[in-house]
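Here is a friendly briefing to read alongside your viewer. Please load the model below and follow along topic by topic.

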Amino acid sequence: MVALRRSFQWRLYAPFAAALALLIATFALLIGNAERRSMQRSATRDISAARDLLGSRLTLEKDVLEAVAHTLSLNDALVAAHQRRDTLGLLGLLLPRFASLRLNHGLTHLYLLDTAGRVVVRAHRPEERGDVVDRWSFREAVRTGEVASAVEIGRLRGLMTLRVVLPLRVGADVVAYFELGKELDGLIDTLARTLDVDAFVFVRKDRLDRAAWEQGMAMFGRAADWDRFADYVVTVRTSDAPLDDAVLQLVAADGWRDTPVRLGGARRFGGSVPIRGPAGDVIGRLVVLQDHEVALAHARRAVLTAIILCVLLGAATFATLVIIVRRRFARPLAHLRDVARRAGAGDLAVDVQVMGDDELADLGRSLRQMIDDLRLARDAWERRLVEAASDAVIMLDADGVIVGWNTKATQVFLRAEADAIARPMRGTIFPTAEAERIAAIITQFDADHPETSQARLLDGPACRSDGSRFDAAYSVVPIRTGSAWRFGVFLRDVTEERRATRALVESEARFRLLVENASVIPWQALPGTGDVTYVGNQARELLGHDLARWRESPFASALVHAEDRAEYLAFLKRVLENGEGDAEYRMVRADNSVVRVRDVVRLGFSEGDANVLYGFRFDVSERTRLEEQLRSSQKMEAVGRLAGGIAHDYNNLLTAVFGFASMLEESLPPDSEQQAAVAGIMTAASRAADLTQQLLGYARQQVIRPVSVDLQQLLNGLHGLIRQLLREDVVLVDEVPAGLWPVHADPGRLEQVIVNLVVNARDAMPHGGRLVLSAEPLALDAESAAACGLAPGDFVRVRVTDTGIGMAPEVLARAFEPFFTTKAVGEGTGLGLATSLGIIQQAGGTLTVESAPGRGTTFFITLPRAPDDVSAAQRKAGQDATGGTEAVLVVDDDEAVAVVVSRILVGAGYHVHVAADGVSAERIAADPAVAIDLLLSDLVMPGRGGVAIAQQIGRVRPDIRVLFMTGYASHVSAVMDGMAHADVITKPFRASELLLRVRRALDQRRVADARAPS
């Protein structure tokens, strides 16, 4: 029997073995050719797949971006925020969407542009910036009014970006554009991983700006290998291995090349795929390289697979023969073995087939009973497990009808189990759209391969019995129950969780906006180590240092001024002891300039109860500068008041000197020897009067007396003073011609301006130089005058030119700013040019400057020509004044002034009454027997001043004329505003000037009396 069975087996298996050996030998002979064809097919397939995959993914991504842009354009809240110009609102609406789109779709750019291409709101990766968009896609969208898309090249890194621009319309008008973009580097990485190849993107150099590209490579820490290839640069690569020059052969032609190249020491096959830009031209190429050894391995695996298939085919044939021989016993045993295996694996829905009435049939019936018992026990256990679940569990059949329901589902849906069973899920627990989504999952389920239907976590709206909706997170799981499949829905209400998450995101966004846009520098540090863990972006704007620079030293102490560093660290130590504090200190900018900050610091706690220092730095440099200016101004005001007081008393003395000298001069014979002495007294008094006017000018209390001024005479008179102010190494050149038009100005204040400009010129020439004083007549028409800020007419222009160091543009722009000075502390107040500008403008002219570093400075003083009537009036005023017979009441607390004024008036024929104070003056005026035609009173006196005296006397004698004597400009303006019938003469004055002014005041009264109705 055994020999017969072996003989039968040999006759059965020998032909099959011979045929299998022949088949294997045939494949062995053809393996070489098959390997090469396989490599060619693999390389060609990879290139074709790369081209198809790149094209399809670009189309898909474009469609996705267009759909997202359309969704954004339909958002009423976004449109309303844009129309309100609510930038913060736009950010609040766009940033969460951008984060979601970036996570789900890989979006890298999201812009909202106005119709001119300016960026209204930007949401993209931090290193990408831009304020004005000028790209093909934007221009095409503007031109067509429709959505436009294209692959474009970035300016800095040369990366290719798929951009979609969609017009945002309000009615028929385009009010803005949405631009969405996705960089292709991520797509290239996905393509390389999908095809198991190395990929490189080559961009044409003529599409890039080299300087900008190299700057971008440096900015993002990448090597800028511009000269590696002749016409292309590499922008994206999935391998760091160096490229062979033979790669350019792949770049130069489309498709696959049979010639291998080297990459990282290995042989590679591959080719290139063109990438086209907006105009359809090739802007770059995608090069795909496949490992030579991998290709060979693929070919060998293909041949080996064929051999194995032949072997398996033979084995299957052999097994079939064996099964036919042994079918009587093998089939029932195999069935029972399979049933036992599946039942042991947990599949209790298996059906036990029992045939016949032998021992195998008895074994099958016993196995069926055991499986039924296990099924009943499992159902009871699953029911207890479902009821104990913390999620709502709903069982659905293949038609989406509810067949199971746990207690948690009753609580979530507010519906009893009896009211839910046998009802469709659509409209009962899910709205229509969500129910169709679940139905699609059930329809796609493959009962023959249930392992392919993995549970997926989904989210969407669900319905309660009262019609309300809530946010739900759920998963759909196929479950085998008996011979049928059911689908379990495990659901949880996440409404409150989502609301809390949204609130947290919104709160963080608001906090970030507040912190990033505040005008202070927030910072945070660890007290133990001094490590700075956070610094606001405002720090870069204030100090110019990179944020990494703040972390190089404990508490960023290296950025604090060296002189304040110890005090700064001591301040932080006090904060650690007291819990809070504030201080002011100096910090050093990146350009080594100094800024003063105020730091408010608190000691708080972070996660883990660790101590953390929180601080806010404020820039107080401007406040400090203003405080210093205020102190300087107060100091100058005090000095000015002192100078004004001294000048006032001195004017009284000079008035007496002028008066007595004039009377003495008149009493002496014309050829007397004493006339020279009197002339000397008058000259000295005049010089003293000029000095007094300079003191009052410094105190801002001099009276402005514009007259017709001969500039040549004025500048010649200043020549000696200017020569004394200049050093010996400065050459003074006088180019003032004769016959200049007279100008209408206060000569004393005009001299002050010229002297101030000369002093500034001297200080601008520390090593000597040349100072030129020149003047010229100037006739300005309407256009030229408007350019200078003047009215058309005749002017005289004075130039003060030096060959000094000149002024930089930033200094020139602030030259006339009060308190601005480039001199060292104590050498200047910064008021000289500001005061000079005010004097010239008050005279109706302009003061301008031209300067450049190393080319000297020229100041231009432009003053209007004096009218002819002013010159005539001035000449008439110089004529001898005549006296009179009227009565004059003289009031002055200074006895010398009162005596000299009285004698001058009496000598001219006037009747004079003298009073030393207001009480005496009012008593004299109250006597009706005393005739008084003119009140001549000092303005500033102890007790009642001149104004009060004039007002009191005016009540008794309303027709009296008033002439005040003073040296204070502020008092003059007060008198002119309050008393229309009053006039003012300033001290010191000569006898002729006094008599002229008295005569003028009395004559004005006579004219007024003549005009009064009879």
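**Around His545**

Leaving aside residues up to four places away in sequence, His545 touches Arg540, Trp550, Leu559, Val588, Arg589 and Ala590, where contact means heavy atoms within 4.5 Å. This is a predicted model, so local features need pLDDT of at least 70 and side-chain atom pairs count only at pLDDT 80 or more, while totals for chains, interfaces and linings use all residues. Residues are numbered from 1 along each chain as its sequence is written, and side-chain values use heavy atoms, with hydrogens and water left out.

- His545 sits in the loop between helix 15 (538–543) and helix 16 (565–578); helices (H or I, at least four residues) and strands (E, at least two) are DSSP runs, numbered from the N terminus.
- With a relative accessible area of 11%, His545 is buried; buried means under 20% relative accessible area, exposed over 50%, and partly exposed in between (1.4 Å probe, protein chains only).
- A polar atom of the His545 side chain lies 3.5 Å from the backbone nitrogen of Ala590.

**The whole protein**

- The protein has 29 helices and 32 strands.
- Of its 1014 residues, 41% are buried.
- Among contacts with a separation of 6 or more, 58% come from residues 24 or more positions apart.

**Salt bridges**

- A search of the whole structure finds 24 salt bridges, each a side-chain nitrogen of Lys or Arg within 4 Å of a carboxyl oxygen of Asp or Glu.
- One of them joins the side chains of Arg598 and Asp582 at 2.6 Å, N to O. Arg598 lies in strand 19 (residues 594–605) and Asp582 in strand 18 (residues 580–588), so this pair ties together parts that are 16 residues apart in sequence.
- Another links Glu584 with Arg596, with the closest N and O atoms 3.3 Å apart. Glu584 lies in strand 18 and Arg596 in strand 19, so the pair ties together parts that are 12 residues apart in sequence.
- Asp729 and Arg727 also form a salt bridge, their closest N and O atoms being 3.3 Å apart. Asp729 is partly exposed at 36% relative accessibility, and Arg727 is partly exposed at 29%.
- Salt bridges that share partners join Asp582, Glu584, Arg596 and Arg598 into one network.

**Aromatic rings**

- The whole structure holds 6 aromatic pairs. Rings of Phe, Tyr and Trp (its six-membered ring) pair if their centres lie within 6.5 Å; planes under 30 degrees apart count as stacked, over 60 as edge-to-face and the rest as tilted.
- Trp405 and Phe413 are both buried, and together with Phe470 they form one aromatic cluster.

**Around Arg944**

- Arg944 belongs to the loop between strand 30 (934–938) and helix 27 (946–956), and is partly exposed at 36% relative accessibility.
- The side chains of Arg944 and Glu922 make a polar contact at 2.5 Å. A polar contact is a pair of N or O atoms within 3.5 Å; within protein, one must be able to donate a hydrogen and the other to accept it, and residues adjacent in sequence count only if both atoms are side-chain atoms.
- Arg944 and Gly918 are 26 residues apart in sequence and 5.9 Å apart in space, C-alpha to C-alpha.
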